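Here are some exercises to work through with the model open beside you. Try each task before you read its solution.

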Amino acid sequence: FKGGDTCEYLLSSGRFLGEKVWQPHSCMMHKYKNSEAKNCLIDKHVVFIGDSRIRQLFYSFIKLINPQVKEEGIKHGNIPFEDKSASIKVDFLWYPEVNGSMRQRIKSWAEGSVAKPHIIVVGAATWSIKIHNGSSEALAQYKINITSIAPLLEKLAISSDVYWVLQDPVYEDMLSESRKMITNEKIDAYNEAAVRILNSSSRNSKAKVKVFSVSKLIAQETIMKSADGLHLPESSRDTNAMILMNVYCNKIMKPIDGSCCQPQPPLTLIQKIAFCFFTLSIFGYLIISLIHRNNYRKNKSCTDLESGEEKKPAISTPNVSTLEMLLHCFCKLGLIMTYFYLCDRANLFMKENKFYTHSSFFIPIVYILVLGVFYTENTKETKVLNREQTDEWKGWMQLVILIYHISGASTFLPVYMHIRVLVAAYLFQTGYGHFSYFWIKGDFGVYRVCQVLFRLNFLVVVLCIVMDRPYQFYYFVPLVTVWFMIIYATLAVWPQIVQKKANGSCLWHFGLLLKLICLLTCIYFLSYSQGAFEKIFSFWPLSKCFELNGNVYEWWFRWKLDRYVVFHGMLFAFIYLALQKHQMISEGKGDPLFSNRVSNVLLFISIVSFLTYSIWASSCKNKTECNELHPSVSVVQILAFILIRNIPGYVRSVYSSFFAWFGKISLELFICQYHIWLAADTKGILVLIPGYPMFNVLVSTFIFVCVAHEISQITNDLAQIVVPKDNSTLLKRLLCIAGFFSGLHFFSAMQDQSRH
C-alpha cells in the first residue's frame, strides 16, 4: 500500500489491456457519457493552451460533451466552443511556445480582474524545438520562460485545476524533413526541465500544478500508428481526454466504476452503530472465552504425585451456552465484515477494470470442468434431481457465473445469453424444490417460512448495513425471496392441496392445476403492466426494499427477465411427482428413466433442443430482442439438460463432489463476490497483489471461497438460535426482529435527512 492520491496514479501510470483499453495503476477509470460529462461541467469554463497537439486534446475533450463536433477550426488560431444547454465554455488558445505572450495571458487570470477558468490545460515545446532547430539556447530560454510562468500557474492552482501536459514522444522515422530536428532526446530534455521547475516553489499542496505525464506512456504504445509521426492517433487522444474527465469529474459525479480520484466515503450512522456492535461482540466473546478457560484450568484433571493416579474434576466442562455461540458467530462475522469494508469501501486495496478476452473466459471453464470430472462419486440415491445432483448443478453453474463476472464476459452476447439460462436454472430449482417440499410434506408452518427467509436474507441484510447498499442492489436474493413467498402463498391459500390429500381423489390434482393457471395469469398480467407492478412495489414498506436509485424499474426488469421459469419449475415438479407416484418412471440404479425406446427418443430430442438453443443464443445480434424472448425459451435448455442428466441410469447414479461442495455455498459465493473478489460493487476486480494478475486471482479466490464457506456456517448456526422450533419463543424472536428493522428504518431516515 503506497497510500497517497489515486489521481497521481491516474495522471502518471498505467498500461493497455488489449489494444485500446487503458488501465490506470491501482484504480478504475469510468467511461463518461455525454450526459454525465455535461452534468459534471455545468456552468464551468475550461481552457486549453498550447500547440497543435493540445488542440487535438481539446477536440477529443469537447467531443465527450458533444460528439457531433467537427474539427473545422482555424489551425493556428483560437477556437471557442460553447454548450448553451449546460452553460459550458471550452476554449482553445493558440500559444505554440512558452513565451511572453503565454505568460501575459496566464497573468491576466492569476493577477487581473478577468474571471478565472475552472480547468486550465497547458503544454508546449515542439514548436520551440522546430523554430530554433533544436538548439541548446532554445532549451535554456524555455527554462527561463517556464520559470517565470510557474508561480502564476501555482497561484491559479489554488482556485482552479491546472494541468501541465508533458510532451509526447515522436515516431522519428515518419517525421517530415521540416520536423526532423524534433527528436525524442530533445523532448525528454524539455519534459525534464518542466517537471523540475513546476511546483519547485510551492509548499501548499492545494497550489500544485498537476503534471499530466500519462500521455507519454500512451504515446509510447501508439505513436507508430500516427499519420505524421508527431500527432497521436484518435484513439490515444480520446483516452487522454477521458483521463482528464476522470481526474476532474470523479470526485463530483462519484461513479461506482470510477475509483480514481474518489475520496473514501465517510462512515454513515448505521455503519458506525454496526461497527460498535461488532466490536462489543468481539470483546464479549473474548471475555466469556477467558472466563471459561480459567474455569476449565481450575477443574481439569491433575496427577496425584504420591499415588500417580489421575484425579477427576468434581465439575464437568460446561457446554457452550447460546450466548457464547451467538457472540462467537458475531465475532467471526465482525472480522469478516471488516475485510469486506477494507476491500470495497476503504481506499486500501487496488481496483482494476475488467477486460474480456475469449481465453480469459473459456480456459478457466475448461479447467474447472476437468477438475469436476476428477471428483466423480456415486450418489446415495438415484432419483431425478436428487440432493447431490442439485448441489452439483448449483456448484458448476455458480463457478461458471463467477468466471463470467471476473472476465467481463457480459460484453460477449452469446456468453451473456447462456449465463442468463444459468440464472434462470437457479430460479427453476427454487420453484422445483419449494413446490416439492410443500406438496410432499404439507408443512406450511411459520417455522419453515422463517428458516428459509433467514437463510436467504441474513448475509444480504448485514451487507446492506456494513456496505451502505440498498437491498435491491443484491438483486438475486430479493428475487428468490419474493418467488419463495409466491410459491408459499399459492400452495398455502385455501384450499390447501398437498399430495396426501390429492391421493384420495384426482379432482384435487385439477384443483392444484387451477391454482397454477391462476398464478400464470397473474404473472402474465404483471409482466405486461409495468404501471401495476410498480404501484404494488412502490407502497411503503415494500418500496424501501425494492427501490434502486429512487425507483423500482430495476426490480421490474430483473423480475420480468425470468418471470415464467419458477412456474415452469413448479409444473415440472408436479408432473414428475405424479409420474413417480403412478410408477411410470424407473429410478433404479443404472436403469434408464423410461423404456429403452422412449428414453432414446427423449434423449435425442433433448440433445437437439439443447444444441438448438445454443445456436440461437450464439446468433443473437441484439441484447434487448433476445431478452424479450428469453423468459419463454430458457426452459427449453433447462429441461433438455435435466433429461440428458437423468434419463441414462449410469449418468444419474454419479455426481461430482467437487461441484456439489461449491453448490452448498452457492448463495454465499454469489453475494460475497460483489465486494471481496470483484470490486467497486462488481464493476471491477480486487487487486491484493499488484503486478501479478494470475497470482492475485489465486490469492483473492482462496480468501473469497474460505470467507463464503465460513459465512455459510455462521448463517446455519445463527438460524438455529434466531429461528427456534418452539412457537412461543419464535414469536418473541420475530418481535425482536421487527424491532430491529424498525430501528434500522428510523436510523436510515435520520441518515437520509442528514444527507439531504
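Buried means under 20% relative accessible area, exposed over 50%, and partly exposed in between, with a 1.4 Å probe and protein chains only. This is a predicted model, where local features need pLDDT of at least 70, side-chain atom pairs count only at pLDDT 80 or more, and totals for chains, interfaces and linings use all residues. Residues are numbered from 1 along each chain as its sequence is written, and side-chain values use heavy atoms, with hydrogens and water left out.

**Exercise 1.** Classify M750 as buried, exposed or partly exposed.

*Solution.* Start with its place: M750 lies in helix α29 (helices are DSSP runs of H or I with at least four residues, strands runs of E with at least two, numbered from the N terminus). Next, take its relative accessible area of 37%, which means that M750 is partly exposed.

**Exercise 2.** Find out which cysteine is joined to C27, and where the two sit.

*Solution.* First apply the cut-off: a disulfide is a pair of cysteine sulfur atoms within 2.5 Å. C27 is joined to C260, with an S to S distance of 1.9 Å. The two are 233 residues apart: C27 is in the loop between β2 and α2, and C260 in the loop between α9 and α10. Finally, check the cover: C27 is buried at 1% relative accessibility, and C260 is buried at 0%.

**Exercise 3.** Determine the handedness of the disulfide of C40 and C249.

*Solution.* Begin with the sulfur atoms, which are 2.0 Å apart. The torsion about the S-S bond is about -90 degrees, so this disulfide is left-handed. Now look at the helices: C40 lies in α2 and C249 in α9, so the pair ties together parts 209 residues apart in sequence.

**Exercise 4.** Work out the order of the open sheet of 3 strands and name its edge strands.

*Solution.* Two strands pair if DSSP finds at least two bridges between them. The order is β11-β15-β14, with antiparallel pairing. The edge strands are β11 (350–353) and β14 (678–679), each pairing on one side only. For a closer look, β11 and β15 (684–687) share 4 bridges, and N353 has G684 as its bridge partner in β15.

**Exercise 5.** Describe the hairpin of β1 and β2.

*Solution.* Strand β1 (residues 14–17) runs antiparallel to β2 (residues 21–24), and 4 bridges join them. Within this pairing, R15 stands opposite Q23.
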